[in-house]
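Here are my comments on this entry. Please keep the coordinates open while reading.

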Amino acid sequence: MGIETTRTNRKGNKEFRELPKATDTTSKSKPRKSRRRQKKMSPVQMLFETCKEVFANSGTGIVPSTEDIERLRAVLDKMKPEDVGLSPEMLYFRTQEARRTPAITYLHLYESEKFSMGIFCLPPNGVIPLHNHPGMTVFSKLLFGTMHIKSYDWVVDAPNDTSANENSLEITAPAVRLAKVKVDSDFTAPCNASILYPADGGNMHCFTAVTACAVLDVLGPPYSPPDSDPDGRHCTYFREFPLTSVSVDGVSVPEEEREGHAWLQELDQPEDLEVVGALYIGPEIVDK
Ligand SMILES: [Fe+2]
């Protein structure tokens with residue numbers, strides 16, 4: 001989601017956690033106790049090492065092998081809030097009664113050209129609006145709490161239309177496009193990581209915090225920098241319209257399937273979305 005927003009905050013906070021190259025740990029002269037300690041890798045370090053391998057050839061539209069996806073999913077599935085220094089009692093998750101839409105906190109863990117890792121902390125009723133992940137494979141692991149996920153994939157070969165009408169009010173450009181609901185459910189931790197792909201699995205998704213919750217996102221590859229090539233991997237937000245309220249010529253969706261579809265229309269970044277970058281203070285991630 002709004003990674004481009006969070007990047008700005010992250011740079012401002014200089015919270016990047018890449019650390020200097022580690023010293024050689026293979027020397028046989030090291031004490032046995034030291035060698036034993038270095039063999040025990042923290043869960044977040046294990047996640048980082050696995051991501052480096054799984055996304056070694058990462059690029060737009062490149063999906064890791066099934067074996068690699070299952071390997072990374074298995075690592076994520078075991079992760080707990082304490083593995084990244086989080087607990088539900090932290091300030092990030094407090095109810096914000098004065099705000100209409102609660103602010104969301106983003107904890108940046110790591111980013112390279114190949115992949116990124118970060119955590120979204122949502123107070124109750126916090127919403128990450130409907131957005132896409134162009135050309136990416138995304139793993140989302142709910143660390144605690146209950147979150148509603150609604151996601152869509154585009155209906156292939158469905159026509160776009162710039163003259164759609166909603167309740168007789170004309171919708172001007174950009175066009176609406178037909179999408180099919182992939183997921184529309186509550187998830188409560190502990191649960192397995194969800195995965196989306198460049199063209200399926202719910203590439204466009206919206207997260208709503210039913211209770212305070214935290215979700216660990218792994219993106220491969222990450223979004224493109226905000227000021228880079230406009231054809232890059234940029235985050236787009238969408239508004240959804242039910243099929244019954246918009247008529248577009250040439251589209252025929254059977255009556256019984258209409259509930260599982262919607263028209264999606266691009267929109268600028270939602271005004272009420274506030275994502276604040278904060279310093280990750282969990283276990284260190286060492287880039288060896
Ligand atoms: Fe997302």
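1. Start with Ile149: its bridge partner in β8 is Ser185. That pair belongs to a predicted model. Strands β5 (residues 146–154) and β8 (residues 176–188) run antiparallel and are joined by 9 bridges.

2. Strand β8 also pairs with β14 (residues 261–267). This pairing is antiparallel too, with 5 bridges.

3. Now the open sheet. It has 6 strands in the order β9-β4-β11-β2-β1-β15, and the pairing is mixed. β9 (194–196) and β15 (275–278) are the edge strands; each has a single partner strand, so one side of each lacks a neighbour in the sheet. From one strand to the next, the twist averages 25 degrees.

4. Within that sheet, check β4 (residues 137–144) against β11 (residues 213–220). They pair in the antiparallel sense over 7 bridges. Lys141 faces Leu216 in β11 across this pairing.

5. Which helix lies across β4, β9 and β11? Helix α4, residues 66–77, does. Its direction is at about 15 degrees to β4.

6. A word on confidence. Mean pLDDT for the chain is 83, with 76% of residues at 70 or more. Two stretches need care. Over residues 2–30 pLDDT stays under 50, and the model has 47 contacts beyond four places in sequence for them. Residues 162–172 also stay under 50, with 19 such contacts. Where pLDDT is low, predicted coordinates should not be read in detail.

Definitions and conventions:
Residues numbered from 1 in each chain as written. Predicted model: local features only at pLDDT ≥ 70, side-chain atom pairs only at ≥ 80, totals over all residues. Pairing = 2+ DSSP bridges. Helix = DSSP H or I, 4+ residues; strand = E, 2+ residues; numbered from the N terminus. pLDDT = per-residue confidence, 0-100. Contact = placed C-beta atoms within 7 Å. Axes fitted to C-alpha atoms, helices over the stretch in contact; angles between N-to-C directions.
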